[in-house]
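Subject: Handover of a structure, with notes

Dear colleague,

I am passing on the structure below, together with a written account of what came out of going through it. Please read the notes with the coordinates open beside them.

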Amino acid sequence: MPIEAAKQSRILDAAGERFARFGFKKTSIDEISKDAGVGKGTVYLVAQSKEDLFYQVVHRELREWVGLVSSIVDPRRPADELLVAVTAASWSYLNDRPLVRDLLLANHDEMLPLWTQQLGDLRTICRQNTEEVIRIGIRQGTFRKDLDVEAAARILQDMFVAGMIFAYKTGKSEQHQLQDSAICLDLLLTGLKPRP
């Protein structure tokens with residue numbers, strides 16, 4: 001039996017708030033149903049299990065992030081500037097979205113070992129905008145034509161995640177995170193050699 005879109009949205013909103021605040025293990029379907037103002041059975045019309053509900057919430061927030069960043073990707077702008085803009089928008093979004101941030105950090109894989117493949121697929125979706133920026137850069141002549149777009153995007157994502165790990169462990173402010181990201185991208189794009 002299909003469920004109303006508004007009711008499904010309330011359930012996903014309530015689940016997202018609970019999972020972000022209390023974590024997967026400390027969140028129950030009973031609490032989610034109470035917060036959403038629906039019966040427990042209604043939650044199971046949206047998801048087959050707590051794990052499935054968690055996945056749907058993370059996927060929904062991920063699509064929101066990808067959409068937000070996609071709105072920044074304008075092929076008329078230089079690709080190196082786009083990389084900086086995409087990184088800045090990502091830092092801002094992920095600072096407020098621990099579920100997506102933890103997806104990138106692969107923290108969910110330990111909690112949901114049976115969902116590792118699906119979570120890995122979500123991390124692949126995270127690279128779509130970076131891949132598009134690289135393609136734009138190739139067309140513009142800003143980036144090398146022989147780049148393996150998928151591999152380059154994966155490496156950039158790994159560098160971003162490494163920066164996130166360090167930033168969160170050291171308690172760096174968002175401003176510091178953005179400055180470090182800009183320096184990292186500058187090093188990547190121009191190297192360590194002196195400019196002519």
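To begin with one side chain, does Lys 40 count as buried, exposed or partly exposed? Lys 40 counts as partly exposed, because its relative accessibility is 39%, and a residue is placed in that class when its value lies between 20% and 50%. Please keep in mind throughout that this is a predicted model.

The partner of Lys 40 is Asp 30, and the two side chains meet in a salt bridge with a distance of 3.5 Å from N to O. This pair links distant parts of the chain, with Lys 40 in helix α3 (residues 40–46) and Asp 30 in helix α2 (residues 29–36), 10 residues apart. Asp 30 is likewise partly exposed, with a relative accessible area of 44%.

Overall fold

The C-alpha trace spans about 65 × 35 × 25 Å along its principal axes. Of the 196 residues, 42% count as buried, and the accessible surface of the chain comes to about 11000 Å², with 53% of that area belonging to carbon and sulfur atoms. When contacts are taken between residues at least 6 apart in sequence, 65% of them join residues at least 24 apart.

Charges and salt bridges

Side chains of opposite charge can pair when their charged atoms come close. The structure holds 10 salt bridges, including the one between Lys 40 and Asp 30 described above.

Another of these pairs is Asp 74 with Arg 76, whose closest N and O atoms are 2.8 Å apart. Arg 76 counts as exposed, because its relative accessibility is 74% and the class begins over 50%.

A further salt bridge joins Arg 135 to Glu 131, with the closest N and O atoms 3.8 Å apart. Because Arg 135 and Glu 131 are four residues apart in helix α9 (residues 128–140), they are separated by about one helical turn. The two partners fall into separate accessibility classes, since Arg 135, at 33% relative accessibility, counts as partly exposed, whereas Glu 131, at 13%, counts as buried. Elsewhere, salt bridges that share partners join Arg 18, Glu 31 and Asp 35 into one network.

What else does Glu 131 contact, leaving aside its neighbours within four places in sequence? Glu 131 is in contact with Val 149, Glu 150 and Ala 153, and these contacts involve a residue that is buried, with a relative accessible area of 13%.

Ile 11 lies in helix α1 (residues 5–22) and counts as buried, because its relative accessibility is 0%. Not counting residues up to four places away in sequence, Ile 11 touches Ile 3, Ile 32, Ala 36, Val 38, Thr 42, Val 43, Val 46 and Leu 53. With Leu 53 in particular, the separation is 42 residues in sequence and 9.1 Å in space, taken from C-alpha to C-alpha.

Which residues make the nonpolar surface patch of about 310 Å²? The patch is made by Ile 155, Met 159, Leu 188 and Leu 189, and both α10 (149–170) and α11 (174–190) supply at least two residues of it. Leu 189, whose place is in helix α11, is partly exposed, with a relative accessible area of 35%.

A backbone point to check by eye

Ala 106 has a positive phi of about 65 degrees, although it is not a glycine. The place of Ala 106 is in the loop between α6 (98–104) and α7 (107–111), and the residue is partly exposed, with a relative accessible area of 29%.

Technical notes
Residues are numbered from 1 along each chain as its sequence is written. This is a predicted model: local features need pLDDT of at least 70, side-chain atom pairs count only at pLDDT 80 or more; totals for chains, interfaces and linings use all residues. Side-chain values use heavy atoms; hydrogens and water are left out. Buried means under 20% relative accessible area, exposed over 50%, partly exposed in between (1.4 Å probe, protein chains only). Contact means heavy atoms within 4.5 Å. Accessible areas come from the Shrake-Rupley method with a 1.4 Å probe; for residues, only the protein chains shown count as cover. Patches are made of residues with over 30% relative accessible area and no salt bridge: like charges are joined within 9 Å, nonpolar side chains (Val, Leu, Ile, Met, Phe, Trp, Tyr) within 5 Å. A salt bridge is a side-chain nitrogen of Lys or Arg within 4 Å of a carboxyl oxygen of Asp or Glu.
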